[in-house]
Amino acid sequence: MASTGAFHLRGLAVALLFGAAAPLAAQGPKELPLKYSGPATVPAITAGDLMTRLYKYADDSMGGRFVGSKYNLMATAYIESEVRTLGLKPAGDDGGYFQNIGVVARALDSASTLTVDGHTLHAGVDFLASAAGHPKQYSNTPVVFGGVVLDTMNMLTAEQVAGKVVLMMPFTPPPGFNA
């Protein structure tokens, strides 16, 4: 596995923006529209303002908000514009609203191979790899088949995987699945 570089994540306390949800919850269940485009938001947070903010932030146009992605940047830019509207004073890096946090992305080297009983398997074609923490190089290590990723019905025990490399099939999402 090889490092593919570092991103700088722009962090912000979202709870400040969405912390006023209690008044809406107190109104009880009610049928809400799938899409909502309310009036421009104002510093005084009202139920209508909160609904506008939540619908904008949760909209499909914001994408998955994966760290380092354009959608993450879009979402944090929206939150920044709203906290400016609220009149909050910036307390982030360089007098702004954000604090830069180093994030490292790791990826499987496509040239990696795994040999099992004389059969060579190729990364990204025959297997995928994942590691918590710092990836390690293994040689002559026992391999155990762990089933399908995210299958919680057939999990191996700690004793079954101790000291072994766990080989698993990737999860294939059903049609319409959006993570």
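User: Which residue forms a salt bridge with Glu80?

Analyst: This is a predicted model, and in it Glu80 forms a salt bridge with Arg84, with the closest N and O atoms 2.8 Å apart. The two residues are four apart in helix H4, so about one helical turn separates them. Glu80 counts as buried, because its relative accessibility is 17% and the cut-off for buried is under 20%.

User: How many salt bridges does the count come to?

Analyst: The count comes to four salt bridges. One of them is between Asp59 and Lys35, where the closest N and O atoms are 2.7 Å apart. Asp59 sits in the loop between helix H3 (47-58) and helix H4 (70-86), while Lys35 sits in the loop between helix H2 (22-26) and H3, so this pair ties together parts that are 24 residues apart in sequence.

User: And are those two buried or exposed?

Analyst: Asp59 counts as partly exposed, at 21% relative accessibility, whereas Lys35 counts as exposed, at 55%.

User: What about Glu82, which side chain does it meet in a salt bridge?

Analyst: The side chain of Glu82 meets that of Arg53, at 2.7 Å from N to O. This pair links distant parts of the chain, since Glu82 belongs to helix H4 and Arg53 to helix H3, and the two are 29 residues apart. Both Glu82 and Arg53 are buried.

User: OK, on to the helices. At what angle do H3 and H4 pack?

Analyst: H3 and H4 pack at an angle of about 165 degrees, and their axes are 10 Å apart. That makes H3 roughly antiparallel to H4, because angles over 145 degrees count as such. The crossing of the two helices is right-handed.

User: Which residues make the contact?

Analyst: From H3 the contact is made by Thr52, Arg53, Lys56 and Tyr57, and from H4 by Ala75, Tyr78, Ile79, Glu82, Thr85 and Leu86. Arg53 and Glu82, listed here on the two sides of the contact, are also the partners in the salt bridge we discussed above.

User: Switching to strands, how do E3 and E4 run?

Analyst: Strand E3 (residues 113-116) and strand E4 (residues 119-122) run antiparallel and are joined by four bridges. Within this pairing, Leu114 stands opposite Leu121 in E4. The hairpin has two residues between the strands, and Asp117 takes a positive phi there, near 50 degrees.

User: Last one, how many helices and strands does the chain have?

Analyst: The chain has five helices and six strands, and along the sequence they follow the pattern β-α-α-α-α-β-β-β-β-α-β. Of its 179 residues, 17% count as buried. Among the contacts between residues at least 6 apart in sequence, 45% join residues at least 24 apart.

Note on methods
Residues numbered from 1 in each chain as written. Predicted model: local features only at pLDDT ≥ 70, side-chain atom pairs only at ≥ 80, totals over all residues. Heavy atoms only, no water. Pairing = 2+ DSSP bridges. Buried < 20%, exposed > 50% of the residue type's maximum accessible area, 1.4 Å probe, protein only. Axes fitted to C-alpha atoms, helices over the stretch in contact; angles between N-to-C directions. Parallel < 35°, antiparallel > 145°, perpendicular 65-115°, else oblique. Left-handed = near helix turned anticlockwise from the far one by under 90°. Contact = heavy atoms within 4.5 Å.
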